[in-house]
Amino acid sequence: MNYLSIKELSKSYGEKVLFEGISLGLHKGEKTALIANNGTGKSTLLKIIAGKEEADEGEVVFRNGIKLGYLPQQPVFDESMTINKLVSGSHSEVLAVIREYEEALHYQAKNHSKEAQQRVEKATTQMDLQKAWDYERRLKQILTKFSILNLDQQIGTLSGGQKKRLALALTLLDEPDILLLDEPTNHLDIDMIEWLEKHLQQSNVTLFMVTHDRYFLDRVCNHIVEMTDGTIYNHQGNYSYFLQKKAEREEVQSVEIEKAKKLMKKELDWMRRQPKARTHKSKSRIDAFYNIQKKASSGKKEEELQLDTINRRMGGKILEVRSLTKSYGNIKIVQDFEYTFKKGERIGIIGKNGSGKSSFLNLLNGVEKPDSGTVTVGDTVVFGYYKQDGLPVLRNDQKVIDVVKEIAEVIETSKGNSMTASQFLNYFMFPPDMQYALVANLSGGERRRLYLLTVLIKNPNFLILDEPTNDLDLITLYKLEEFLMNYKGCLLLVSHDRYFLDKLSDHLFIFEGDGKVKDFYGPYKAYRQQLLETEKEQKEQRQAEKKEQLNKTAGKKSVKKKLSYKEQKEFEQLEQDIDTLEKEKATLEARLNTGITDFEVLQEISGKIKTIMDQLDEKTLRWMELEELKEQLKQ
């Protein structure tokens, strides 16, 4: 079933064409990811689908009755509102439906009329449509999951990450039919990402998202849409399948381009020999020549991140941390932390949001002062610090090339050569036509790429990166990984991108909260496996303790091998009773849906259903106790 159709969509900003004549569709239950380079209009396309922007040409068509949810890359809220007021305003339709249902019931209790019954029936239908029955429970559950606990807090006091989590929570709370997500994993900690990953895997929602998280892509999506050079490629499968098919497609295209180049040489000789007056047959061959020429020149070489800067010398003493302690009020960031950094170390930092990871980096870099303890930096250490907040030194009225020239107009490479600021930008995927664009006109991902360049251009030998993958496209990530794999200095990395962490770190600092930092030697994948094994052991321990407690409670000297005769009979009878009650409940619910309008009859049926549900709860609970006892006795 088709939920969404995009037909011949085009969008430009002045002379910059984002996309032209693209078409695609979303089917019910499909989980689709859009993959494209920064600056090609991914976020703009989502905004157009969500109705936040207008396309220049084309149309977006939804199936009737479809409910849409949209998470923007940078949520915008009224800063003066409290979270509580925002929640009430954002879901005013749902809350209005709940109020109407409550008022209808109150009116019905005083007026046993046909009008009152019809009002209740109408309100009940709206409650079903809005999925409002368990709204309060879902609201509390999802806000707690995203660490949104103080509903009286003013939105203006929230960080960018907190605003993104709040927007995501409200979007999921709506339970839409189609969910549009623009970089949903940005500003989430790994635990939250893995929860969201599992939630979307199990959900029947139709999903269309932009994300750079490769593990997330692989585990959630079953459809990849690639947008490149204005062309849409569809891949029915996960991210690994997409990579395989993309490689095969590019190999075929490469062969075709090489053939076209050889044929073009032959045709070019013919073109040069021909007189100006040509026959109709010659004109056909001329047209064919231009088609071949277009094909031969279609193999564009992607701009690549290729940095070959000097490896700055590092002395024997690098960074020594002794008894480092820092708190903000009652919140402990780090308590008595000690570590001596060694040459070439690659350390990843993980922990829940708010556990102090960014503050810890500020302490190491001297941006903040500790309450006690010392951070001693070696004389030869030159820090490069990429902050999560991003872009603190970039002005919107600056040209891209001027941003780099302020730092260095000429950059020396390890081979004794030099490159200009323009050449350096070109290496960093800023071609000449983009170098004289204003920073204000760059996309979010392009701005972050430029900011990253300003950190790396200083050629640090101790590189601190705080969430560097946010808003970067996959091509930039590949190249950044390639550069960091060859980087010889010390690397300290905070990231929620599990793939990125696994590839670049071989040692972890795990912020557990309350000032505790665990030292783990190994990549994130190994740490995650250890967690799963620990959870399994703890579960088995709890089961063993529960079994032992049951045996003690039973007061028996010998261990039971099976249920007693009386318990077995009760177990079998419960199964029969539950089946009978389920059938009675289904019959009564079917009667409710036949259009009965007599209030007394409806009230009688509703009362019977409530009684049956109470009996079902009681019998099911006892059945589960006996079933669990059976399983334990088998072990």
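Here is a short walk through a sheet and some aromatic rings in this structure. The model is predicted, so local features need pLDDT of at least 70 and side-chain atom pairs count only at pLDDT 80 or more, while totals for chains, interfaces and linings use all residues. Residues are numbered from 1 along each chain as its sequence is written, and side-chain values use heavy atoms, without hydrogens and water.

Let's begin with an open sheet of three strands, ordered β2-β1-β4 and paired antiparallel. Strands here are DSSP runs of E with at least two residues, helices are runs of H or I with at least four, and both are numbered from the N terminus; two strands pair if DSSP finds at least two bridges between them. β2 (16-27) and β4 (57-62) stand at the edges with a single partner strand each, so one side of each has no neighbour in the sheet. Eight bridges join β1 (residues 2-13) to β2, and Lys11 has Phe19 in β2 as its bridge partner.

Now for the rings: the structure holds 17 aromatic pairs. Rings of Phe, Tyr and Trp (its six-membered ring) pair if their centres lie within 6.5 Å; planes under 30 degrees apart count as stacked, over 60 as edge-to-face and the rest as tilted. Tyr239 and Phe242 have ring centres 5.6 Å apart and planes at 35°, so this pair is tilted. Both residues lie in helix α9 (residues 239-273), three residues apart, about one turn of the helix. In Phe520 and Tyr527, the centres are 5.4 Å apart and the planes at 65°, so that pair is edge-to-face.
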